[in-house]
Every structure is written in C-alpha cells, then in structure tokens.
Amino acid sequence: MAVTVPYAAIRAQIGQAEEKLQTACALMRRSGLPENADELARELKRLRVWTQRDGWLDVLEAQS
C-alpha cells in the first residue's frame with residue numbers, strides 16, 4: 001500500500017522551525033552569548049539542507 005507523504009506540510013513545519021531558530025540566534029547574540037548563537041546557527045544551516053533547492057526533501061519527493 002502506497003503512503004502519501006505530505007511534503008508541503010513537512011516543508012512548512014521545517015520553515016517555522018528555521019524562523020524560530022533564526023530568532024533565537026539573534027536573541028542570543030543580543031544577550032551576550034555569541035558562541036552559543038554560532039553553534040545554533042550551525043544547526044540551522046544543517047536544517048536548511050532539507051528545504052533548500054535540490055535539498056533532501058526535493059530528492060525524497062522526486063523518488064516517490
């Protein structure tokens with residue numbers, strides 16, 4: 001039985017997470033925690049690998 005994967009909903013949820021992480025990074029920098037903000041920014045970059053053009057979600061969607 002084929003499973004329908006809601007790629008649009010997944011993209012939307014990841015997009016919301018990206019926005020929240022970006023806001024948290026800015027807040028950390030303003031609060032004097034630049035090293036922690038840098039670490040969180042690296043995680044944000046890793047997350048964006050999923051939603052960028054030709055990212056993992058595009059690859060998975062093309063395979064389905």
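**View 1. Helices H1 and H2 pack roughly antiparallel to each other in this predicted model.** The angle between H1 and H2 is about 165°. Angles over 145 degrees count as roughly antiparallel, so the pair falls in that class. The axes of H1 and H2 lie 9 Å apart. Their crossing is left-handed.

**View 2. Side by side: the residues that join H1 to H2.** H1 contributes Ile14, Ala17, Glu18, Leu21, Gln22, Ala24, Cys25, Met28 and Arg29. From H2 come Pro34, Asn36, Ala37, Asp38, Leu40, Ala41, Leu44, Leu47, Arg48, Trp50 and Thr51. By class, this H1 and H2 contact holds 13 nonpolar, three polar and four charged residues.

**View 3. H1 also packs against H3.** Two packed helices are described by the angle between their axes and the distance between the axes. For H1 and H3, the angle is about 175° and the axes are 11 Å apart. H1 and H3 are therefore roughly antiparallel to each other. On the H1 side, Tyr7, Ile10, Arg11 and Ile14 make the contact. Five of the residues in the contact of H1 with H3 are nonpolar and three are charged. No polar residue takes part in the contact of H1 with H3.

**View 4. Aspartate 54 sits in the loop between helix H2 (34-51) and H3.** Its phi is positive, at about 65°. Most residues other than glycine have a negative phi. Aspartate 54 is not a glycine, yet has a positive value. The relative accessibility of aspartate 54 is 61%, so aspartate 54 counts as exposed.

**View 5. Threonine 4 lies in the segment before H1.** Threonine 4 has a relative accessible area of 74% and is therefore exposed. Threonine 4 and leucine 33 are 29 residues apart in sequence. In space, threonine 4 and leucine 33 are 42 Å apart, C-alpha to C-alpha.

**View 6. Confidence along the predicted chain, given as pLDDT.** The protein chain averages a pLDDT of 93. A score of at least 70 is reached by 100% of the residues. Among the elements, helix H1 (residues 7-30) has the highest mean pLDDT, 96. Helix H3 (residues 56-63) has the lowest, 91.

Technical notes: Residues are numbered from 1 along each chain as its sequence is written. This is a predicted model: local features need pLDDT of at least 70, side-chain atom pairs count only at pLDDT 80 or more; totals for chains, interfaces and linings use all residues. Side-chain values use heavy atoms; hydrogens and water are left out. pLDDT is the predictor's confidence in each residue, from 0 to 100. Helices (H or I, at least four residues) and strands (E, at least two) are DSSP runs, numbered from the N terminus. Axes are lines fitted to C-alpha atoms, for helices over the stretch in contact, and angles run from 0 to 180 degrees between N-to-C directions. Angles under 35 degrees count as roughly parallel, over 145 as roughly antiparallel, 65 to 115 as roughly perpendicular and the rest as oblique. Contact means heavy atoms within 4.5 Å. Ala, Val, Leu, Ile, Met, Phe, Trp, Tyr, Cys and Pro count as nonpolar, Asp, Glu, Lys and Arg as charged, and the others, Gly among them, as polar. Buried means under 20% relative accessible area, exposed over 50%, partly exposed in between (1.4 Å probe, protein chains only). A crossing is left-handed if the near helix is turned anticlockwise from the far one by less than a right angle, and right-handed if clockwise.
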